[in-house]
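Here is a briefing on one structure, for a first look. Keep the sequence and the 3D view open as you read.

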Amino acid sequence: MEVGRSLFEREIRKRELRACAEFPVRFAEHEGVLVPAGRIEHATPKRVAVLFSGGPAAGGHNVLVGLKQVLSQLVGVREGFKGLLAGDFFEIQNLDEIKNTGGFDYLGTSRVKIKERVEETLALCKKNHIDALVIIGGDDSATNAALLAPHLQVISVPKTMDGDLQYGKLLPIPFGFDTATKVYAELVGNILQDTKSSLKYWHFVKLMGRTASHVTLEVALQTKPTIAIIGEEQHRLTDIIETIANAVVERSKAGKNYGVVLVPEGLLEFIPEMNQLIGEIDSMLGRHQGTLAELGPDERKQFITINLEQRGLFNFLPSYIQEMLLADRDAHGNLTVSQVETERLLSDLVAKRVQELAPGTKFNVNHHFFGYEGRCGAPSAFDAMLGYNLGLVAGSLILDGRTGYLASLTSLNEGGKAVAIPLSKMMHEEEREGEKEQVIEKALVKLDSAAYKFFVSRQDVWMRTDRFASPGPRQLWGPATNQLPISVALNQGYSSLNF
Ligand code: FBP
């Protein structure tokens with residue numbers, strides 16, 4: 001174990017991306033994006049605070065290591081914005097122990113929206129003599145960074161295992177996605193091996209990823225399952241059920257009473273009628289918080305659902321789904337999709353439909369949810385290096401006096417280039433909880449993207465013939481170590497899968 005770890009560290013040091021080794025640099029504006037153009041001459045030492053925000057993602061600890069290398073005074077904030085608002089700061093000293101480790105436990109994290117608490121946040125930073133803040137988080141956290149940036153020096157570092165913080169060529173992928181998808185691809189690959197050995201089960205696997213289906217698409221590209229559903233296709237529930245049920249019947253006729261279906265965690269919100277239903281419930285929960293707090297479960301259900309336009313759909317859904325739809329939302333007002341048993345809903349409805357289409361068809365089902373085990377895995381070589389180098393870039397931007405930028409690495413197949421994207425460029429208007437807000441856009445799977453088109457071109461063959469692939473565990477040395485996520489390489493137009 002020890003030998004493995006030090007070998008890995010040596011490999012990482014060797015691979016410090018060239019562009020980052022040249023930091024600190026001065027930046028010049030170029031079409032709204034900053035590109036490196038020289039060295040910082042007189043950087044003033046600063047007291048810089050750093051926090052994690054949102055769900056953990058592999059590679060986060062290495063961001064801290066990179067930052068510490070560039071900045072002399074680094075202050076950790078415990079539990080993200082929650083800790084910041086409680087003034088929970090500590091001086092970061094030696095980070096050797098957390099190099100190349102998964103999780104966010106060194107600092108902790110939380111989900112807090114600071115829209116209404118900007119003044120308070122600034123006052124706490126001032127009180128604790130913080131000159132600058134580095135926010136490591138996803139789209140909501142980058143929105144928090146954009147709100148603070150005009151008043152305090154702030155740099156955002158893109159993280160999320162969901163892969164939904166992307167910005168064309170300038171931000172190919174945040175850290176955390178590669179590790180999570182490699183962990184899931186190993187697990188799905190194992191199930192594929194099992195099902196083609198035992199020949200008797202259909203496995204419905206829900207894969208984490210709050211909204212976008214990037215994770216499911218990537219895992220599908222790595223494992224070639226029987227069926228993978230991509231939420232962004234926005235099919236109606238009945239159409240999804242019909243597709244899977246037809247596949248079950250067709251395969252059964254060919255003697256294959258087994259298969260694997262990948263289900264993205266965020267699927268329900270993409271199904272138009274479900275989206276409307278969830279929206280109606282969200283609005284009831286938002287408008288009647290006070291009243292609802294005083295009601296028992298049955299009265300609450302009655303109160304929320306009595307006037308719903310989609311009441312018929314609500315009543316049609318099994319109670320385990322109804323309960324989750326009525327549950328309290330997370331800090332950002334989101335349905336907690338990781339707790340909704342979408343995989344079970346689909347298999348229950350498919351089971352019914354299969355018996356209507358071809359009575360007596362064998363359909364034995366297993367359910368799985370691969371979520372938390374992927375987002376905190378020890379980082380893949382890619383995420384270890386991405387995290388570390390993002391830390392160097394963010395620290396250099398701070399020293400260069402920049403505020404309101406998101407640190408990024410582009411041209412990942414050519415040694416990597418450090419860039420900084422103005423957060424203001426990434427903002428757009430969206431309706432959130434009934435109000436128009438400026439937020440960082442969530443990047444969804446584009447149906448005209450190279451990765452999606454590649455998947456579509458293979459989908460039918462994967463359904464009919466078993467092309468199952470089992471990539472095995474992620475590698476820290478050897479040829480497979482350098483593999484980029486396939487969807488990223490395809491979408492960026494890279495000619496090889498290597499970074
Ligand atoms: P973010 O990276 O956007 O914070 O989300 C990561 C994530 O793992 C989602 O995939 C998942 O739906 C959610 O967090 C689960 O959140 P929680 O930790 O609150 O259960």
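Thr181 touches Val215, Glu218, Val219 and Gln222, leaving out residues up to four places away in sequence. Touching, or contact, means heavy atoms within 4.5 Å. This is a predicted model: local features need pLDDT of at least 70, side-chain atom pairs count only at pLDDT 80 or more, and totals for chains, interfaces and linings use all residues. Residues are numbered from 1 along each chain as its sequence is written, and side-chain values use heavy atoms, with hydrogens and water left out.

**Around Thr181**

- Thr181 sits in helix H7 (residues 177-198). Helices (H or I, at least four residues) and strands (E, at least two) are DSSP runs, numbered from the N terminus.
- Thr181 counts as buried because its relative accessibility is 0%. Buried means under 20% relative accessible area, exposed means over 50%, and partly exposed lies in between (1.4 Å probe, protein chains only).
- A polar atom of the Thr181 side chain lies 2.8 Å from the backbone oxygen of Phe177. A polar contact is a pair of N or O atoms within 3.5 Å; within protein, one must be able to donate a hydrogen and the other to accept it, and residues adjacent in sequence count only if both atoms are side-chain atoms.

**The four-stranded sheet**

- Four strands form an open sheet in the order S9-S10-S8-S11, with parallel pairing. Two strands pair if DSSP finds at least two bridges between them.
- Strand S9 (227-228) and strand S11 (365-370) are the edges, and each pairs on one side only.
- Strand S8 (residues 202-207) runs parallel to S11, joined by six bridges.
- The bridge partner of Phe204 in S11 is His367.
- Helix H8 (residues 214-223) lies across S8, S9 and strand S10 (259-264), at about 155° to S10. Axes are lines fitted to C-alpha atoms, for helices over the stretch in contact, and angles run from 0 to 180 degrees between N-to-C directions.

**Another strand pair**

- Strand S3 (residues 47-52) pairs with S4 in the parallel sense, over four bridges.
- Val48 stands opposite Leu74 in S4.
- Strand S4 (residues 73-77) is mostly covered, with four of its five residues buried.

**The ligand**

- The ligand is surrounded by 14 residues, and the closest are Gly55, Arg111, Asp162, Glu265 and Tyr372. A residue is near a molecule or strand if one of its heavy atoms lies within 4 Å of it.
- Gly55 has a backbone N or O atom 2.7 Å from an oxygen atom of the ligand.
- Arg111 has a side-chain N or O atom 2.8 Å from an oxygen atom of the ligand.
- Lys159 places a polar side-chain atom 2.9 Å from an oxygen atom of the ligand.

**A covered helix and a buried loop residue**

- Helix H6 (residues 139-148) is mostly covered: nine of its ten residues are buried. Among them are Asp139, Asn144 and Leu148.
- Ile271 is in the loop between helix H10 (267-270) and helix H11 (272-287). Ile271 counts as buried because its relative accessibility is 1%.
- Ile271 touches His235, Arg236, Leu237 and Ile240, again leaving out residues up to four places away in sequence.
- Ile271 and Arg236 are 35 residues apart in sequence, but their C-alpha atoms are 5.4 Å apart in space.

**Cysteines**

- The disulfide count is zero. A disulfide is a pair of cysteine sulfur atoms within 2.5 Å.
- Cys125 is buried, at 1% relative accessibility.
- Cys376 is partly exposed, with a relative accessible area of 36%.
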